[in-house]
Amino acid sequence: MPKVEHAPHKDGDVFVDYENKVFEDVKANPGEKALITFHTVAFEGSIGFVNLLQATRLIRKGFETSVLLYGPGVTLGVQRGFPRLGDEAFPGHMNCNKQITKILEEGGKVYACRFALQALYGHGEQSLIPGITPINPQDVLDLILLARRDNAFILDTWTV
């Protein structure tokens with residue numbers, strides 16, 4: 001039987017060189033924009049939360065950043081909590097809500113499709129996190145086209 005001869009890992013140990021950044025730290029030029037679209041179900045995987053973090057990072061890099069919630073993506077923008085709204089039932093339960101709030105506080109814009117909100121998921125505008133702007137379903141494509149026209153960086157978040 002082989003014998004393990006090294007000490008067990010302990011808190012504070014490092015497994016990778018996390019300080020070695022390979023690429024330059026890109027910052028936005030004045031007026032540059034970014035759009036993150038979400039057509040993903042909240043909590044179906046990490047992609048929704050990870051790209052909300054990316055949206056926050058884009059704001060901090062100086063991009064005028066918008067987030068578009070449409071289709072199942074509107075589920076990211078619905079108020080949550082248990083047993084009451086805003087209560088965190090377990091650590092991490094409110095990650096998406098808190099990140100959207102942070103995006104709004106840091107100057108980002110968040111839009112949610114009214115059609116998906118009501119017709120697909122049975123929510124009204126009062127269910128949205130305060131600060132999210134509800135939009136007409138025809139505005140979904142126009143927002144993307146406006147971003148394209150403005151040469152914005154566009155990150156599409158999809159899950160199938």
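Guide: Let's start at E106, which counts as partly exposed at 31% relative accessibility. On this scale, buried means under 20% relative accessible area, exposed means over 50%, and partly exposed is in between, using a 1.4 Å probe and protein chains only. Before we go on, please keep in mind that this is a predicted model, in which local features need pLDDT of at least 70 and side-chain atom pairs count only at pLDDT 80 or more, while totals for chains, interfaces and linings use all residues. Residues are numbered from 1 along each chain as its sequence is written, and side-chain values use heavy atoms, with hydrogens and water left out.

The partner of E106 is R60, and the two form a salt bridge whose closest N and O atoms are 2.6 Å apart. A salt bridge here is a side-chain nitrogen of Lys or Arg within 4 Å of a carboxyl oxygen of Asp or Glu. Because R60 lies in helix α1 and E106 in the loop between α2 and β3 (109–113), the pair ties together parts that are 46 residues apart in sequence. R60 itself is exposed, with a relative accessible area of 52%.

Helices (H or I, at least four residues) and strands (E, at least two) are DSSP runs, numbered from the N terminus. Helix α1 covers residues 47–60, and its 14 residues should span 20 Å at 1.5 Å a residue; the end C-alpha atoms are 20 Å apart, which agrees. The expected span is 1.5 Å times one less than the number of residues in the helix.

Which residues of α1 are buried? They are G48, N51, L52, A55, T56, L58 and I59. Seen down the axis of α1, these buried residues fall within an arc of 160°, so they line one face of the helix. The arc is that of the directions from the helix axis to the C-beta atoms. As for what they pack against, the buried residues of α1 meet β1 (33–39), β2 (64–69), α2 (95–105) and β5 (153–158). After α1 comes G62, whose phi is positive, near 100°.

H93 counts as buried, at 14% relative accessibility. A polar atom of its side chain lies 3.1 Å from the backbone nitrogen of A89. Leaving aside neighbours within four places in sequence, H93 is in contact (heavy atoms within 4.5 Å) with F43, G81, F82, D87 and E88.

One of those contacts, D87, has a salt bridge of its own: its side chain meets that of R84, at 3.6 Å from N to O. D87 is partly exposed, with a relative accessible area of 23%, whereas R84 counts as exposed at 58%. Elsewhere, salt bridges that share partners join K33, E64, K109 and D150 into one network. The structure holds 10 salt bridges, including the one between R60 and E106 where our look began.

How values were computed:
A polar contact is a pair of N or O atoms within 3.5 Å; within protein, one must be able to donate a hydrogen and the other to accept it, and residues adjacent in sequence count only if both atoms are side-chain atoms.
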